[in-house]
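Hi there,

Here is the structure I promised to pass on. Have a look at it first, and my notes follow below.

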Amino acid sequence: MESYKMTIAGCERSLPLCKINDKLTIAAFVMFGDVEITVKATEELLKKVPEFDVILTAEAKGIPLGYEMARQSGKPYVVARKSVKAYMNNIVSVEVKSITTADVQTLYLDGDKAELLKGKRVLIVDDVISTGESLSALVELCKEIGANVVSCATVLAEGEAADRDDIVYLEKLPLFFT
């Protein structure tokens, strides 16, 4: 399999190239299981973000980053789930369409988690921001519950996301067009 080599937070990695359609190929970045890059990327991102009270991420690929940012900062983190769980009550939800998923998905927050975020300074985190759809969905969730988004942070900004001035990121990740 072809790959794209890059350095992220001082860690060299080869990212597998994955064909999305006839015109677009992406370099797949997966933090799951990569403790070194998760720890080092968190250290670097925490130097760049403003003060915050709570971290919010979407299930599933942002979870390692959200957890490690919470561990290093001592602040709580919340995961917006992709399905309703039996323990959830007073659910808040929003729909999202991402470049890496085939269908529209819905993100859900339990009412207790929504209360934890309400009125707080929220840092939204994810592993990669590309189209910004997942990010927009998390921002919308925050608006619905009265949370104040102070920053959005990601390890990699893919394609045009690197041109945005409303996100904090460590490295640019190109898109590959054929």
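Tyr67 has a relative accessibility of 44%, so Tyr67 counts as partly exposed; the term covers the range between buried, under 20% relative accessible area, and exposed, over 50% (1.4 Å probe, protein chains only). Tyr77 is partly exposed as well, at 30%. Before going on, please keep in mind that this is a predicted model: local features need pLDDT of at least 70 and side-chain atom pairs count only at pLDDT 80 or more, while totals for chains, interfaces and linings use all residues. Residues are numbered from 1 along each chain as its sequence is written, and side-chain values use heavy atoms, with hydrogens and water left out.

Back to the tyrosines. Rings of Phe, Tyr and Trp (its six-membered ring) pair if their centres lie within 6.5 Å; planes under 30 degrees apart count as stacked, over 60 as edge-to-face and the rest as tilted. By this rule there are two aromatic pairs. In one of them, the ring centres of Tyr67 and Tyr77 are 6.1 Å apart and the planes stand at 80 degrees, so this pair is edge-to-face. The pair joins distant parts of the chain, ten residues apart: Tyr67 sits in helix α2 (residues 63-73) and Tyr77 in strand β5 (residues 77-80). Helices (H or I, at least four residues) and strands (E, at least two) are DSSP runs, numbered from the N terminus.

Staying with α2, its buried residues are Pro64, Leu65, Gly66, Glu68, Met69 and Ala70. Their cover includes α1, β4, β5, β8 and β9 (148-158), where contact means heavy atoms within 4.5 Å. Just after α2, Gly74 has a positive phi of about 80 degrees. Lys75 lies over the face of Phe52, at 4.9 Å from the ring centre; for this, NZ of Lys or CZ of Arg must be within 6 Å of the ring centre and within 35 degrees of the ring normal.

Next, the charged pairs. The structure holds ten salt bridges, each a side-chain nitrogen of Lys or Arg within 4 Å of a carboxyl oxygen of Asp or Glu.

- Arg13 and Asp34 meet at 2.7 Å, N to O. They lie 21 residues apart, with Arg13 in strand β2 (residues 11-19) and Asp34 in the loop between β3 (24-27) and α1 (35-48). Both are buried, and a network of salt bridges links Arg13, Asp34, Glu36 and Lys40.
- Arg121 and Asp53 have their closest N and O atoms 2.8 Å apart. The bridge connects strand β8 (residues 121-129), which holds Arg121, to the loop between α1 and β4 (54-58), which holds Asp53, 68 residues apart. Arg121 is partly exposed at 31%, as is Asp53 at 24%.
- Glu59 and Arg81 meet at 3.0 Å, N to O. Glu59 is in the loop between β4 and α2, and Arg81 is in the loop between β5 and β6 (92-96), 22 residues apart. Both residues are buried.

Finally, helix α4 (residues 133-145). Its 13 residues should span 18 Å at 1.5 Å a residue, and the end C-alpha atoms are 19 Å apart, which agrees; the expected span is 1.5 Å times one less than the number of residues. Ser134, Leu135, Ala137, Leu138, Leu141, Cys142 and Ile145 are buried in α4. These residues cover an arc of only 160 degrees around the axis, so they are on the same side of α4; the arc is that of the directions from the helix axis to the C-beta atoms. Just after α4, Gly146 takes a positive phi of about 80 degrees.

Best wishes
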